[in-house]
Amino acid sequence: MHKNVLAALFASGLLAGAPLAQATNLVFCSEGSPAGFDPAQYTTGTDFDASAETIFNKLTQFERGGTQVKPGLAESWDISEDGKVYTFHLRKGVKFHTTDYFKPTREFNADDVLFTFQRMLDKNNPFRKAYPTEFPYFTDMGLDQNIAKVEKVDDYTVRMTLNEVDAAFLQNLAMPFPSIQSAEYADKLLKAGKAAEINQKPIGTGPFVFSRYQKDAVIRYKANPDYWKPEDVKLDNLIFAITPDAATRLQKLKANECQVSGYARPADLVEMKQDPQLKVLQQPGFNVGFLAYNVQHPPLDKPEVRRALDMAINKQAIVDTVFQGAGQVAQNVIPPNQWSYDKNIKGAPYDPEKAKALLKQAGIKDGTEIALWAMTVQRASNPNARQSAQMIQQDWAKVGIKAKIVSYEWGEYIKRAKAGEHDVLTYGWTGDNGDPDNWLGVLYGCSAIGGSNYARWCDKSYDALIQKAKTSNDRAERTRLYEQAQQIIRQQLPVSPMAHSVVSQPMRKEVQGFKINPFGVTGFYGVSLDR
């Protein structure tokens with residue numbers, strides 16, 4: 001980082017207290033403010049970037065830039081012959097963060113694993129009663145029903161027993177939501193009557209220690225001097241400069257006011273690639289952008305209305321305009337690079353005349369109003385949701401549907417969407433663990449209503465298929481069941497799949513060791529600056 005830029009950051013207070021000559025400081029221009037810092041409570045990349053990928057560790061973890069599961073806070077594990085009992089052998093010598101609000105008196109052990117999972121499992125857990133909250137991923141994936149018990153064998157051994165086989169259990173544990181919390185810190189907060197602070201003043205074992213958060217402005221972290229894998233910590237200070245506007249992120253990146261930027265507009269990528277001081281990493285995305293129809297809001301409860309709205313959208317035009325060609329029209333609700341993808345499913349072609357006829361047959365009058373919600377953050381799966389919404393608005397107007405575009409700040413958007421206030425929602429998803437259930441269960445399962453099932457759609461035959469698939473260790477059998485499930489979604493159309501994108505990650509050329517995460521989160525493990 002150039003000294004004049006550092007000086008400006010010091011003057012602004014962003015990097016107060018860091019020695020100019022010695023510290024390595026990286027500024028990440030992130031696209032939005034996190035709703036909090038407890039990964040168990042959230043489902044979005046904005047929240048996970050700020051917490052799970054910086055402050056916390058999990059029992060298992062994915063290799064950097066890949067989908068393979070590796071040891072994390074559990075250095076090894078054993079699985080029973082029936083596939084229902086997992087015994088985790090915990091890593092010794094791991095320390096929780098020391099901050100101005102908490103100083104641990106012991107190292108990480110089995111008590112912390114028990115607290116982390118019992119808080120999600122037991123509605124009568126004292127901490128949960130003191131701080132009522134929801135755990136959407138945990139419940140959306142049915143783990144609240146499938147984990148029968150979590151037991152402490154000794155200080156460094158934990159046994160988890162499942163009711164049914166879960167083929168993706170180790171992958172699930174590597175996701176952000178089961179980030180391991182400090183039981184000692186939770187006990188301190190509980191006794192002080194401040195349980196809610198677990199979400200605002202986080203304590204973890206990860207590579208970076210939370211320092212300060214100013215909403216809509218900045219999050220500051222310091223390197224964890226006691227990290228159990230010291231080779232992964234190559235920065236002294238990590239700063240999230242919250243910058244919702246993509247054009248402003250581009251200018252900050254070019255001016256070296258940030259060294260890594262959040263989502264770039266496809267139109268900006270050419271300029272970025274031409275700048276000798278920048279580089280853009282790219283790879284095929286493991287994602288899908290989609291519209292979710294709230295099937296509990298008439299007339300969207302009728303499959304024929306949803307089909308009409310779907311075929312009224314010129315999706316190729318959206319890919320060409322919004323994605324600038326860096327993507328492809330989605331035929332299915334999961335991406336082609338996800339195993340079990342059904343290649344036989346084809347989306348309906350753009351046909352406004354047929355759409356208009358279908359709406360008329362369904363008794364939908366010209367001028368019918370529908371609220372179309374547009375995200376206020378950029379996503380690889382939807383780089384400009386408002387522009388997409390405007391194009392959809394124009395398409396629907398041609399078939400007699402009057403769409404009113406609605407937007408909220410990101411945290412409010414998600415909160416209201418989970419409550420089912422929307423009619424139609426623009427959204428996107430990037431796979432979290434490489435397993436089909438992460439799409440077909442988390443987004444469309446009956447238990448995910450009120451969580452990430454924004455269509456609020458529940459089909460019992462569909463649910464039976466995905467539940468059966470989840471409990472099988474036979475990939476061929478799972479694929480067969482998931483293909484049947486995809487056919488039901490295609491018939492019922494609770495969502496309109498829109499596009500799969502190419503993922504691009506812009507940064508300064510001096511950034512070294514950065515790897516694109518296939519699951520859509522941004523981590524700074526092993527990242528350094530070539531000074």
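**Cavities**

I searched the whole structure, a predicted model, for cavities. I found five of 30 Å³ or more.

I took the largest cavity to begin with. About 500 Å³ of space lies inside the largest cavity. I listed its lining and got 41 residues. Closest to the centre are Tyr 263, Thr 430, Phe 519, Gly 520 and Val 521. I then sorted the lining of the largest cavity by class. I noted 19 nonpolar, 17 polar and five charged residues.

I went on to the second largest cavity. Its volume is about 140 Å³. Here 13 residues form the lining. Ala 264, Pro 266, Ala 380, Val 502 and Ser 504 lie closest to the centre of this second largest cavity. Which element gives the largest share of the lining of the second largest cavity? I found that strand 18 does, with four residues. Helix 10 (266–274) also supplies at least two residues of this lining. By class, I wrote down 10 nonpolar, two polar and one charged for the second largest cavity.

**Pockets**

I turned to the pockets. The largest pocket has a volume of about 450 Å³. I noted 25 lining residues. Glu 53, Phe 62, Glu 63, Arg 64 and Tyr 525 lie nearest the centre of the largest pocket. I sorted the lining of the largest pocket too: 10 residues are nonpolar, six are polar and nine are charged.

The second largest pocket comes to about 340 Å³. I found 18 residues along it. The closest to the centre of the second largest pocket are Gln 41, Tyr 42, Ile 414, Lys 415 and Lys 418. I checked where this lining comes from. Helix 15 (residues 410–418) gives the largest share, five residues. The classes for the second largest pocket are six nonpolar, eight polar and four charged.

**Aromatic pairs**

I counted the aromatic pairs and got 31. I picked Trp 77 and Phe 88 to look at in detail. Their rings are 6.4 Å apart centre to centre, with 55° between the planes, and the pair is tilted. Trp 77 belongs to strand 4 (residues 74–79) and Phe 88 to strand 5 (residues 85–90). They are 11 residues apart in the chain. Are these two buried or exposed? I found 22% relative accessibility for Trp 77, so Trp 77 counts as partly exposed. Phe 88 counts as buried because its relative accessibility is 0%.

I then looked up Tyr 221 and Phe 240. The ring centres are 5.3 Å apart and the planes stand at 65°, so I logged this pair as edge-to-face. This pair also links distant parts of the chain: Tyr 221 is in strand 9 (residues 218–223), Phe 240 in strand 10 (residues 237–242), and 19 residues separate them. I checked burial, and both Tyr 221 and Phe 240 are buried.

Which residues join with Tyr 221 and Phe 240 in a cluster of ring pairs? I found Phe 28, Phe 37, Phe 210, Tyr 213, Phe 514 and Phe 524.

**Charges over rings**

I looked for charged ends over rings and noted two cases. Lys 92 lies over the face of Tyr 156, 5.4 Å from the ring centre. Arg 475 has its charged end over the ring of Trp 339, at 4.1 Å from the centre.

**Helix 3**

I checked the length of helix 3 (residues 110–121). Its 12 residues reach 16 Å from the first C-alpha to the last. This is close to the 16 Å expected at 1.5 Å a residue. I looked at burial next. Helix 3 is mostly covered, with 10 of its 12 residues buried. Among them are Ala 110, Val 113, Leu 114, Phe 115, Phe 117, Met 120 and Leu 121. Asp 112 and Arg 119 are on the buried list as well.

**Ala 308**

My last stop was Ala 308 in helix 11 (residues 303–311). Its relative accessibility is 0%, so Ala 308 counts as buried.

Methods: Residues numbered from 1 in each chain as written. Predicted model: local features only at pLDDT ≥ 70, side-chain atom pairs only at ≥ 80, totals over all residues. Heavy atoms only, no water. 1 Å grid on protein atoms, 1.4 Å probe; cavity = no way out; pocket = protein on both sides within 12 Å on 5 of 7 lines; lining within 4 Å. Points joined across faces, edges and corners; volume = space filled by probe spheres on them. Nonpolar A, V, L, I, M, F, W, Y, C, P; charged D, E, K, R; others polar. Phe/Tyr/Trp six-rings, centres within 6.5 Å; stacked < 30°, edge-to-face > 60°. Buried < 20%, exposed > 50% of the residue type's maximum accessible area, 1.4 Å probe, protein only. Lys NZ or Arg CZ within 6 Å of the ring centre and 35° of its normal. Expected span 1.5 Å × (residues − 1).
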